[in-house]
Each structure stands twice: as C-alpha cells, then as structure tokens.
Amino acid sequence: MDITVPGIQFDSRGECSFCALHDKLDRAFPLGEAGRQKVQKLADDIKRVGQGKKYDCVLGVSGGRDSSFTLWYCVTKLKLRPLAVHFNDGFGNPVAGENMVKACRKLGVELRTITSDWRESKDLKIAFLKASTPDMEEGTDLGIATALYGVAAKEGIQRIVIGQSFRTEGICPLSWNYLDGRYLKAVHKRFGTVPLRPWSPNDPGFNLDLKEMFYYAFVRRIKTVTLLYHVDYVRADVDALISRELDWVNPGAHYFDDLYQSVIYYLNRTKFNIDRRLFNYSALVRSGQMTREEALKRTESINSIEDPRVIDLCIKRLGLTRAEFDQIVAAPPKTFRDYPNNYALIRRLRWPIKVLSQLNLLPESAYDKYFSCGA
C-alpha cells in the first residue's frame with residue numbers, strides 16, 4: 001500500500017494503517033483451535049434458528065473461488081442446508097456460471113438466481129460512469145446484498161453466509177468503494193433515466209438504505225456470517241481442493257466472475273490512478289500467502305483482467321459506442337463526497353455500528369470499512 005491510497009497513514013517504522021488494521025483483525029478473529037470452535041458455534045446457531053425449515057441459511061455464490069469454497073465447506077464440513085443465491089446483473093462470466101451450476105449439482109444444493117431488471121442495471125452502470133467516481137460497481141454491490149436479504153426474508157431464513165476473507169482480499173479503501181443506498185439513489189436521480197422499482201421486503205430491487213437495513217436486521221432478525229474470517233483459508237490449497245471436488249475452473253483472474261470488472265480495473269488505473277490489487281496483495285503478503293517481492297513485481301504490469309475484448313463487449317452491452325463511452329469517462333474524477341450520501345450520519349452512528357457488527361446484525365467488516373479505511 002502506498003500514498004495513492006486516500007487516508008493512508010504511516011507510523012515511525014513505515015508501517016501503514018492498513019497493516020495495523022489487518023493485524024487487529026487477525027487478533028480479533030484467530031485461526032487454529034479458536035477458529036474451529038468459533039466456526040462450530042456459528043454452525044450450531046445456524047442449525048438452531050433454521051430447525052424445521054427447508055433451508056437454514058442463504059449463501060451468496062458467484063462461481064468464483066471464495067464463494068465456491070464456502071459452499072463446499074458449509075455442506076461437506078458443517079452439514080448445513082444452504083440455499084445458494086446468485087445475483088445476475090447481465091455481466092456474469094460464463095465460466096463462473098458453469099462453476100455455480102456444477103457445484104450446486106454436485107453438493108445437492110438449490111441454486112436460485114435473482115436476475116435484476118436489465119433496464120435498471122444498465123441504467124445504473126451508465127449513471128455511475130457519468131458520475132465519474134471510482135465505485136462504478138455500486139449498483140451490483142448493493143444488488144447482491146438486496147438479493148440475499150430479499151430471499152432470506154421471503155423464505156423466513158435468519159442467517160446469511162458470506163464468502164469473504166480479509167486475509168486474502170483485504171478491505172477496500174473507503175473512497176474507492178463506498179457503499180450507501182442514499183448515494184446510489186442520488187447518483188441515479190442525477191444521471192439515470194429509468195425509474196427504479198420501489199422497495200418491498202421480498203423484492204428489494206436496488207433499495208438498501210438505512211431504513212431497509214433496520215427492517216432486515218431488527219424486524220426480521222437476519223444476521224450475516226463472514227465464515228472465512230475464522231477458517232484457515234489458503235488460496236493455493238483451495239484452488240486444488242475445489243477443482244478436485246467441484247470440477248471448478250478458474251474464471252481467469254480474481255473477481256473475474258464479473259466481466260464488468262474489466263471496465264472497472266481499466267478505468268480505475270487510467271482515470272483514477274487506482275490499482276485495486278494493492279489491498280488484495282497486501283492482505284496476502286500479511287497472511288504469508290505471497291511475498292512482498294512477488295506482489296511488487298505483479299503490480300509492475302497491467303492486470304490481466306483488463307482484457308480489451310471484454311471491455312469492448314461490456315461497452316457494447318451497455319448500448320454505448322466506444323466514442324460515447326470515451327466521452328462519458330473523460331469527465332474530471334470525483335468521489336462519493338460530491339453527491340448526497342449518508343456518510344455524516346454513519347460517522348455519528350459509529351458506536352452503534354460497531355456493536356451491530358459484533359452482533360452480526362451487520363457484516364463484521366462494516367465497522368472497519370467505514371471507520372478504519374481512510375476518511
């Protein structure tokens with residue numbers, strides 16, 4: 001991590017604030033025997049609240065490494081009964097799609113795909129391109145969350161399992177990926193052309209503001225479980241395991257279960273001077289899964305996810321010509337602070353958010369995302 005990261009701080013030893021955050025999380029979520037006991041406790045809770053129901057949890061899947069392993073682990077090791085849920089915004093990688101189908105078939109798990117309204121999804125992507133901010137995946141990120149909460153509410157399920165690990169992914173700097181339902185609506189109001197569907201508990205669409213989160217967390221008592229925080233998770237070993245057990249095929253790059261990531265990485269690099277690999281690789285270095293020298297060497301070259309053919313495909317799928325796309329992205333860079341958002345309110349709710357994260361009523365990473373990853 002370097003000074004291209006907004007809000008980063010270095011101590012007298014030259015160690016950055018993101019390393020300090022990683023070490024804090026490492027102590028808070030130990031592995032080994034303590035981790036195994038925590039996982040068993042979480043599994044017992046999921047089984048208890050899901051007793052007598054067809055499914056005891058909702059598990060988000062994308063066909064990538066993390067979610068495929070989490071699904072395998074939950075079914076084979078913890079004997080859970082998940083309902084696998086995938087959010088389709090029209091940019092899924094076909095390889096990842098096949099991975100999901102094969103994994104669910106082999107494990108005997110139902111796969112439910114929540115397909116967004118294509119007009120809304122496309123309109124949101126174009127709106128965020130026009131907004132000229134680096135968090136161009138805002139609609140999909142919130143769409144994934146609403147798909148999981150909506151299915152959980154519809155099925156009466158009170159636990160959502162998320163395949164995310166700070167030890168392999170890190171936590172993205174706040175201004176590179178700011179998640180906020182009010183912010184999404186503000187950008188859409190200014191640049192969108194297609195009305196967004198109104199919220200309903202079982203079909204939330206792209207609506208996930210503070211009041212919707214209150215409903216799901218306190219009225220429906222839905223909790224999120226970041227299981228991989230407590231599991232010894234080594235990428236190289238996992239690749240071999242899920243390839244053998246699930247016939248999993250690598251989509252081509254980390255996050256490439258979503259083809260639109262080609263556009264995001266390309267624009268982040270060329271327009272915003274952002275290399276999202278920095279926080280990914282730093283986490284792997286801190287976890288002993290990559291050397292610092294290898295990480296630095298990899299970042300010397302352009303990420304393979306920036307495939308020009310895929311970028312052109314995504315632009316065409318948005319209904320834009322390359323000239324129209326280039327004209328839109330030529331606007332000066334901005335951040336989420338240039339649009340109405342809930343950040344000031346979130347900062348005032350610091351301690352309630354910390355407690356809710358500890359109780360799993362919000363994802364465990366929520367507190368650190370908003371308060372420890374740059375201001």
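**Cavity, pocket and helix packing in a predicted model**

Helix H1 (17-28) and helix H12 (277-286) each contribute at least two residues to the lining of the largest cavity, where helices (H or I, at least four residues) and strands (E, at least two) are DSSP runs numbered from the N terminus. This is a predicted model, in which local features need pLDDT of at least 70 and side-chain atom pairs count only at pLDDT 80 or more, while totals for chains, interfaces and linings use all residues. Residues are numbered from 1 along each chain as its sequence is written, and side-chain values use heavy atoms, with hydrogens and water left out.

**Overall form**
- The secondary structure of the chain comes to 18 helices and five strands, and the C-alpha trace spans about 55 × 50 × 45 Å along its principal axes.
- The chain has a radius of gyration of 20 Å, which agrees with the value near 21 Å that a compact globule of 375 residues would have; the radius is taken over C-alpha atoms, and the globule rule is 2.2 Å times the number of residues to the power 0.38.

**Largest cavity**
- The structure holds three cavities of 30 Å³ or more, a cavity being a set of points on a 1 Å grid over the protein atoms alone where a 1.4 Å probe fits but cannot get out.
- The largest cavity has a volume of about 150 Å³, a volume being the space filled by probe spheres set on the points, which are joined across faces, edges and corners.
- Its lining (residues with an atom within 4 Å of a point) comprises 14 residues, of which Phe18, His22, Gly170, Ile171 and Ala283 lie nearest the centre.
- H1 gives the most to this lining, with five residues.
- The lining of the largest cavity divides into ten nonpolar, three polar and one charged residue, with Ala, Val, Leu, Ile, Met, Phe, Trp, Tyr, Cys and Pro counted as nonpolar, Asp, Glu, Lys and Arg as charged, and the others, Gly among them, as polar.

**Second largest pocket**
- The second largest pocket has a volume of about 540 Å³, a pocket being an open set with protein on both sides within 12 Å along at least five of seven lines.
- Of the 20 residues that line this pocket, Met1, Leu278, Ser282, Arg292 and Leu296 are the closest to its centre.
- H12 and helix H13 (292-298) are the elements that give two or more residues to the pocket lining, and H12 gives the most, with five.
- The lining of the second largest pocket divides into ten nonpolar, five polar and five charged residues.
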